[in-house]
Amino acid sequence: MDTGALHKIALDLPGVWKSLIVGNVGNANIKLIRTGGDGIPDETHAGFDELLVVIDGEMSLVVDGESFYLKSGDFYLIPRGATHSVPAGSHGSLLLIDADS
């Protein structure tokens, strides 16, 4: 499946920040997400790292108070325990890989 196909699937999700599990590797979920809207408030995952891969569009990310700008093709590994958020203004789609919970 190419990134264009993933983006088209993401557009069919019922809303922004809704996810669809597209696969699993070991105990990790691979989720497809359509980004946008108001963003995501601060959150922390004590038990696992989280990998974000921007498929299409762009996304701002704040990790432990430091801001990052990600665009199509960029990725970021959020370490377990790091406080992170996504400010408003992001748009597109991303793959998120996290623990199966």
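1. Contact here means heavy atoms within 4.5 Å. With that in hand, look at Met-59: beyond its neighbours within four places in sequence, Met-59 is in contact with Trp-17, Thr-35, Leu-52, Val-54, Phe-68, Tyr-69, Leu-70, Val-86, Ser-90 and Leu-94.

2. A word on provenance. This is a predicted model, where local features need pLDDT of at least 70 and side-chain atom pairs count only at pLDDT 80 or more, while totals for chains, interfaces and linings use all residues. Residues are numbered from 1 along each chain as its sequence is written, and side-chain values use heavy atoms, with hydrogens and water left out.

3. Of its 13 residues, Leu-52, Met-59, Leu-61 and Ile-78 touch the most other members. Strand 4 (50–63), strand 6 (75–78) and strand 8 (91–99) each supply at least two residues, with strand 4 giving the most, 5 residues. Another core, of 7 residues, lies apart from it and includes Ala-10, Leu-13, Leu-32 and Leu-95.

4. On the overall fold, the protein chain has 1 helix and 8 strands (DSSP runs numbered from the N terminus: helices are H or I, at least four residues; strands are E, at least two). Along the sequence the pattern reads α-β-β-β-β-β-β-β-β.

5. As for burial, 39% of the 101 residues in the protein chain are buried. Residues 24 or more positions apart make up 62% of the contacts with a separation of 6 or more.

Technical notes. A nonpolar core is a set of buried Ala, Val, Leu, Ile, Met, Phe, Trp, Tyr and Cys residues joined through side-chain atoms within 4.5 Å. Buried means under 20% relative accessible area, exposed over 50%, partly exposed in between (1.4 Å probe, protein chains only).
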